[in-house]
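This explanation goes through a helix pair and then through some backbone angles. Please keep the structure in view while reading.

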Amino acid sequence: MISPSIFKAYDIRGIVGSTLTEDIVRVVGQSIASDARQAGQRAFVMGRDGRLSGPAFGKALAEGIRAAGLDVIDLGVVTTPMVYYGAAELGTQCGVMVTGSHNPPEYNGLKMVIGGEAIYGERIASLYARIAEGRLFTGTQGDYTTHDIGEQYFERITSQVRLAQPLKIAIDCGNGVAGAYAGELYRRMGCDVIELFCEVDGTFPNHHPDPAHPENLTDLIGCLAGSDAEVGLAFDGDGDRLGVVTKEGEIIFPDRQLMLFASEVLERNPGTTVIYDVKCTRNVATWVRQHGGVPLMWKTGHSLIKAKLRETGAPLAGEMSGHLFFKDRWYGFDDGLYAGARLLEILSRAKARGQSPTEVLAALPNSHSTPELQIRMAEGENFQLIAQLQEHARFPEATQVSKIDGVRVEYPDGFGLARASNTTPVVVLRFEGDSDAVVTRIQADFREVILSFAPGVTLPF
């Protein structure tokens, strides 16, 4: 019996041996391929990360896709972006990655692109309906081939992303699959690379592969302090997100990374749009305007951002979680290793002008802000609370209230955000202000409003 709970907003994800088994992956693969076949597609690229369940799930996935009559090109152990790259370059326009992303070791799942678009929301939900209703294509079994795409991927990046000066860097892959490729890529670009936890190990024995949480960057910060490395890069479990740390141990969060990339991209693409998600700093909009671009705030979620990027033709997008999307000189999908390459290119040019990586990164605008905070709730209650806030909440001191994704309340000197997570039953909160006192004042506004609608919740501030 397949649980509908594994069909999430942006991917399919479950607990190995419980909600996700080989039999379930096989029938889900057949459903994905049936959806693609109905849309006129004929073949899938597939890959897997380094999780222990990956080989068995990969085999089952290939069997399911082939059962629906579509061909499979198996890339083996690769990053999620390398599956996207393979779908584009090998002409299938369809790809499936077996990955648990940054989730704990007992999880695994599937990320999908069909017809060149990451599928999400209702289209993922429809895969379950197709299975429940028995609308699965069968017939002549599709072909199965393998393909090593690593060399082609390296050549594509190194042929057009060049360093003006050599850099010494430290990288921390958290034993995720990025470890199989990141060191080699950056050495080919001319970097001297110190590798931390680059052995692919699905048990993640050192720390969790999620650079969005500062505690997972402790080892990288220590390495920078104790070596002559000039900057540190960190990657999540499947290689689609980037974390950045300066020589002095300052974490450069992704919204500040986005500003640096925006200034470089807008030099070549003046007047174009830069997309950022609702969790990002207010500084992004100001910075983009100052550099001749048009800022566009949009919903959180890598699939939603990708869809908006396609719709608008924007050359660049990013979100606070670390997903960065380059359509400028690239394909428009999120790729942590490629984003790292673009960062090193910018920093090397600055170094050639006599400016250190730390000086470049520290100069980016910054504000007083909280990390992502969470209110834990029962399943579905997070959406109910946000719906109430959108409909009834009043913030008298606000200059603007955006409801594109939850409630983002803008003040003259800061903002507060409350949105429902699409992946777990929590309300996500973030606060920013010109000073800590401003942050505290905005939090007090939100405390009063949230408790008026949900008096029993425990607030994380």
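In this predicted model, helix α8, residues 254-268, and helix α11, residues 336-352, have axes that come within 11 Å of each other and cross at roughly 80°. Because angles of 65 to 115 degrees count as roughly perpendicular, α8 is described as roughly perpendicular to α11. Two packed helices are described by the angle between their axes and by the distance between those axes.

The residues that make this contact can be listed from each side. From α8 come Leu260, Phe261, Glu264, Val265 and Arg268; they meet Ala339, Arg342, Leu343, Glu345, Ile346 and Arg349 of α11. Sorted by class, the contact of α8 with α11 holds six nonpolar and five charged residues, and no polar ones.

The backbone angles come next. Most residues other than glycine have a negative phi. Asparagine 175 is not a glycine, yet its phi is positive, at about 65°. Where does asparagine 175 sit? It is found in the loop between β8 (168-172) and α6 (182-188). Its relative accessibility is 2%, so asparagine 175 counts as buried, the cut-off for buried being under 20% relative accessible area.

Phenylalanine 197 is not a glycine either, and it has a positive phi of about 55°. Its place is in the loop between β9 (192-196) and α7 (218-225). Is phenylalanine 197 buried or exposed? With a relative accessible area of 18%, phenylalanine 197 is buried, because the limit is under 20%.

Key:
Residues numbered from 1 in each chain as written. Predicted model: local features only at pLDDT ≥ 70, side-chain atom pairs only at ≥ 80, totals over all residues. Heavy atoms only, no water. Axes fitted to C-alpha atoms, helices over the stretch in contact; angles between N-to-C directions. Helix = DSSP H or I, 4+ residues; strand = E, 2+ residues; numbered from the N terminus. Parallel < 35°, antiparallel > 145°, perpendicular 65-115°, else oblique. Contact = heavy atoms within 4.5 Å. Nonpolar A, V, L, I, M, F, W, Y, C, P; charged D, E, K, R; others polar. Buried < 20%, exposed > 50% of the residue type's maximum accessible area, 1.4 Å probe, protein only.
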